[in-house]
Amino acid sequence: MSDNTVASAPPTPLTLLGLGAMGTAFARTWLAAGHPLTVWNRSPGKAAELAAAGARVAATAAEAVAASPLVVTCLLDDASVRGALAEADLTGRDLVDLTTSTPAESRTRAVWANERGARFLDGGIMAVPPMIGAPEAGGYVFYSGSREVFDAHRETLAVPAATRYVGADPGSAALHDVALLSAMTAMFAGARHAAALVADSGIDQEEFGTLVAGWLTAMAPATAAYAGGPVPEDPTSAAVAEAGDAALLRTAEEQGVGTALLIASAGAMNGV
């Protein structure tokens, strides 16, 4: 071995609380990368597959927390995090919370963790389970809160998905996460509305689904304008746009499809 060769650091040990579909996907990627992993789940049966892959299964959340300096939670909601960690000693731990929460909940959890002796980093996962451990899929996780925790564990956190640090405010990751999920939710609602319009028309549903996906993809670049991006030139006059909106409503009524989504969308577009 050359005198200039520097041995790489061994993979960081960590604890993961929560083995739903997302938590299990994270666990698999950490185990595959050689990270010593302790896991806990409220329903113990979910840990069998991971135990076979080398994970240590803790009997309680407190035991799991005691096993590693880095603790990651991926649970149902903020109340689940509070309940799981109620009896755990967080002194000296780095707590990374990947549970979907509101910005205010994340800020409160940061204060709570700090008061119990832990450093806190919040995360917002922009991926579905099959995207975890698959860099080509484009998934990533927003992180906010302690920059020291992010820098200390960046390589470990980047194993399941790419990382994007968005600031010291613990609520920033949650805000980014929920804002993007809100846009996605509205997009899917629009796609469902479109499918309902043509459902009984004899139109080939699979072919129409391809058309919807292509149209939304073509329009996607224009959405940046709503977040302060460059506003594309729109030659459509106000009168033409108003007439078009009215046609959308009349068509929905003719097809027997509810108009609440269109009415709400029109209000949002007009700043109502």
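**View 1. Helix H7 passes helix H8 in a right-handed crossing.** A crossing is right-handed if the near helix is turned clockwise from the far one by less than a right angle, and left-handed if anticlockwise. This is a predicted model: local features need pLDDT of at least 70, side-chain atom pairs count only at pLDDT 80 or more, and totals for chains, interfaces and linings use all residues. Residues are numbered from 1 along each chain as its sequence is written, and side-chain values use heavy atoms, without hydrogens or water. H7 and H8 (residues 205-219) pack at about 145°, with axes 11 Å apart. H7 brings Met187, Ala191, Ala194, Ala195 and Val198 to the contact; H8 brings Gln205, Phe208, Val212 and Leu216. Contact means heavy atoms within 4.5 Å.

**View 2. Helix H7 covers residues 172-198.** Its end C-alpha atoms are 40 Å apart, which agrees with the 39 Å that 27 residues should span at 1.5 Å a residue. The expected span is 1.5 Å times one less than the number of residues. Buried residues of H7 include Ser172, Asp177 and His193. Buried means under 20% relative accessible area (1.4 Å probe, protein chains only).

**View 3. Tyr140 and Phe142 form an edge-to-face aromatic pair.** Their ring centres are 5.1 Å apart, with 85° between the planes. Rings of Phe, Tyr and Trp (its six-membered ring) pair if their centres lie within 6.5 Å; planes over 60 degrees apart count as edge-to-face. Both residues, Tyr140 and Phe142, are buried. The charged end of Arg164 sits over the Tyr140 ring, 3.9 Å from its centre. That requires CZ of Arg within 6 Å of the ring centre and within 35 degrees of the ring normal.

Terms used: Helices (H or I, at least four residues) and strands (E, at least two) are DSSP runs, numbered from the N terminus. Buried means under 20% relative accessible area, exposed over 50%, partly exposed in between (1.4 Å probe, protein chains only). Rings of Phe, Tyr and Trp (its six-membered ring) pair if their centres lie within 6.5 Å; planes under 30 degrees apart count as stacked, over 60 as edge-to-face and the rest as tilted. Axes are lines fitted to C-alpha atoms, for helices over the stretch in contact, and angles run from 0 to 180 degrees between N-to-C directions.
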